[in-house]
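This report looks at charged side chains and at one helix with its surroundings. Please have the sequence and the model open while reading.

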Amino acid sequence: MELWDAYNEAGEKLGFDLVRGQKIPDGVYHLVCEVVVRGRDGEFLLMQRSWEKEVSPGNWEIGAGGSALKGEDALTGACRELLEETGIEAAGQLRELYRFVCREHHAIYQGYLLVTDWPKEKVVLQEGETIAYKWLSLEAFLDFYDRSLSIGSQKGRLRAFVEGIRRL
């Protein structure tokens, strides 16, 4: 059983737990951490979700992420999810990109950027979570972002970041 802390829309803990898979009451949220990974050479990491996933099976996502566990703050959860899903260690290297409240998903999304020189061939897949990865050049990354329907709401959360890249 996976437990999450319950938050209000302002990001304040409410003092009770949520259980993955159980209905979250209106006005209550859980914390979701996401990490966009860019190599120092400018390439971006995409991860393919396992076909076993309940939500968006087989879809490609930008970076890694997932729900923060009970007792984790966003940064700790982001580092843990990144390590579990990719094998990449990022302690102390993440830069905040966004905070986005999604009432529909009862989630507060906290996004980070990692710029790293992690060896690209040393990405590790997490059984049951990820089944493949690929690194995309900036041009291919922007094309993926523009054309992909599979990243759904992630696209909106990354809009300001991507538009900033385009202006460079």
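Which residues are linked with Asp5 in a network of salt bridges? The network joins Asp5, Lys13, Asp17 and Lys70, a salt bridge being a side-chain nitrogen of Lys or Arg within 4 Å of a carboxyl oxygen of Asp or Glu.

## Basis of the model

This is a predicted model, in which local features need pLDDT of at least 70 and side-chain atom pairs count only at pLDDT 80 or more, while totals for chains, interfaces and linings use all residues. Residues are numbered from 1 along each chain as its sequence is written, and side-chain values use heavy atoms, leaving out hydrogens and water.

## Salt bridges

The structure holds 16 salt bridges. In one of them, lysine 13 pairs with aspartate 5, their closest N and O atoms lying 3.5 Å apart; aspartate 5 is buried, at 8% relative accessible area (buried is under 20%, exposed over 50%, partly exposed in between, with a 1.4 Å probe and protein chains only).

Aspartate 146 and arginine 166 form another, at 2.3 Å from N to O, and this pair links distant parts of the chain, helix H2 and helix H4, 20 residues apart (helices are DSSP runs of H or I with at least four residues, strands runs of E with at least two, numbered from the N terminus).

## Helix H2

Within helix H2, residues 138–147, the side formed by Phe141, Leu142, Phe144 and Tyr145 is buried. These buried residues fall within an arc of 160° seen down the axis, so they line one face of the helix, the arc being taken over directions from the helix axis to the C-beta atoms. The face turned away from the buried side carries the exposed residues Glu139 and Arg147.
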